[in-house]
Amino acid sequence: GAPGSTQQFRTDPEGFTRARFVPPEWPERRFTICRVWYTSARSERDGSGWKTDYPFSEINLLFRLSEVTRTAVSFDREQKRPNTWVVKLTDPHIFECPFLLASDVGTIGLKDEEAAMLREYLLKGGMLWVDDFWGTEAWDQWEQQIAAVLSPDAFPIEDVSAADPVMRVLFDLERVPQITNVTFWQKNHGKTSERDEDSQQVHVRAIRDAHRRIMVLMTHNTDVGDSFEREREDSAYSRLFSPPGYALGIDVLLYALTE
């Protein structure tokens, strides 16, 4: 699936057939984002499991990363857009992925072999950002699943403050705003909390390794990915949410590249 290679699409059990899975060989050693493919163990309103916000969330974020910084981003010259990939957690090519992204993780269900491979990836220096999951039930599901990857006794979940390095790489961020999906925002006259009182507060949390490097970043009760994906769909929405969303996204990617 990239310049100079044969593009192959595989069918997944949920019927989503246009996923670019990690190819046997990388055509170039440039930065890209790998979307985590997973099986959903439960459902969430307005969620689409692993493919939530895929692929234009990461495509647009990589576009902006290439414009704002000098990062060498992997591009598909024929389609004139950044390369992005989907990776299964049992695929050894996960170790070729410089950065992992997952959405709607309040529905995720990890098998033992998936948890083991993800643990190895993270402890070897990889980073995972999970986004766009709302409310207590979604958090509880994610917390239970990630505990099978990284024991909370050894790797506790911590809140991320505005002073944290991940919030200060290029753009200085005092907070992460609550960003809702554009359709919800339009239908609810600017409301942002998708689960009413149960998702009023945005949580930015992290799991760190022994050197305090963030392995897993979690943005809960906000949909930062929609600030990238829906950039051109509603000008008022984009003016409000895209600048802080991209600022966070670029800070996170640069953190992953430099830490």
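Reader: Which way do Leu128, Val130, Trp129 and Asp131 point from strand 10, and are they buried or exposed?

Author: This is a predicted model, so what follows is computed from it. Leu128 and Val130 point one way from strand 10, Trp129 and Asp131 point the other way, and all are buried. Buried stands for a relative accessible area under 20%.

Reader: What makes strand 10 and strand 13 a pair?

Author: Two strands pair if there are at least two bridges between them. Strand 10 (residues 128–131) and strand 13 (residues 214–220) have four bridges, in the parallel sense, so they meet the condition. Leucine 128 has valine 216 in strand 13 as its bridge partner, and for valine 130 the partner in strand 13 is methionine 218.

Reader: How do you know that strand 8 also pairs with strand 10?

Author: By the same test of at least two bridges. Strand 8 and strand 10 run parallel and are joined by four bridges. Serine 103 stands opposite aspartate 131 of strand 10.

Reader: Why are strand 7 and strand 11 called edges?

Author: The open sheet has seven strands in the order 7-3-8-10-13-12-11, with mixed pairing. Strand 7 and strand 11 (157–159) each have a single partner strand, so one side of each is without a neighbour in the sheet. On average, neighbouring strands of this sheet are turned by 30° against each other, direction ignored.

Reader: How do you know that cysteine 34 and cysteine 97 form a disulfide?

Author: The cut-off is a pair of cysteine sulfur atoms within 2.5 Å. The sulfur atoms of cysteine 34 and cysteine 97 are 2.2 Å apart, so the pair counts as a disulfide. The structure holds one disulfide. Cysteine 34 belongs to strand 3 (residues 33–37) and cysteine 97 to the loop between strand 7 (84–88) and strand 8 (100–103), so the bond ties together parts 63 residues apart in sequence. Both cysteine 34 and cysteine 97 are buried.

Reader: Why is this disulfide called left-handed?

Author: The torsion about the S-S bond of cysteine 34 and cysteine 97 is about -85°, and therefore the disulfide is left-handed.

Reader: Is aspartate 104 buried or exposed, and how do you know?

Author: Aspartate 104 has 5% relative accessibility, so it counts as buried. The cut-off for buried is under 20%. Aspartate 104 is in the loop between strand 8 and strand 9 (108–109), and has a positive phi of about 55° although it is not a glycine.

Reader: Is histidine 189 buried or exposed?

Author: Histidine 189 is exposed, with a relative accessible area of 78%, and the cut-off for exposed is over 50%. Histidine 189 lies in the loop between helix 4 (182–187) and strand 12 (203–208). Its phi is also positive, near 55°, in a residue other than glycine.

Reader: Where is the peptide bond with omega near -5°, and what is it called?

Author: That bond runs from tyrosine 54 to proline 55, and it is cis. Proline 55 sits in the loop between strand 4 (39–40) and helix 1 (56–68).

Reader: What makes a space a cavity and not a pocket?

Author: In a cavity a 1.4 Å probe fits but cannot get out, whereas a pocket is open. The whole structure has two cavities of 30 Å³ or more.

Reader: How do the residues lining each cavity divide by class?

Author: For the largest cavity, the lining has 10 nonpolar, no polar and no charged residues; among them are Val36, Leu128, Val130 and Trp142. For the second largest cavity, the lining has three nonpolar, three polar and two charged residues. Its lining includes Asp53, Ser103, Trp129 and Asp131.

Reader: What lines the largest pocket?

Author: The largest pocket has a volume of about 230 Å³. Of its 20 lining residues, the closest to the centre are Asp46, Gly47, Thr52, Asp132 and Asn181. The lining has three nonpolar, five polar and 12 charged residues. Asp counts as charged, and Gly counts as polar.

Definitions and conventions
Residues are numbered from 1 along each chain as its sequence is written. This is a predicted model: local features need pLDDT of at least 70, side-chain atom pairs count only at pLDDT 80 or more; totals for chains, interfaces and linings use all residues. Side-chain values use heavy atoms; hydrogens and water are left out. On a 1 Å grid over the protein atoms alone, a cavity is a set of points where a 1.4 Å probe fits but cannot get out, and a pocket is an open set with protein on both sides within 12 Å along at least five of seven lines; lining residues have an atom within 4 Å of a point. Grid points are joined across faces, edges and corners, and a volume is the space filled by probe spheres set on the points. Helices (H or I, at least four residues) and strands (E, at least two) are DSSP runs, numbered from the N terminus. Buried means under 20% relative accessible area, exposed over 50%, partly exposed in between (1.4 Å probe, protein chains only). Axes are lines fitted to C-alpha atoms, for helices over the stretch in contact, and angles run from 0 to 180 degrees between N-to-C directions.
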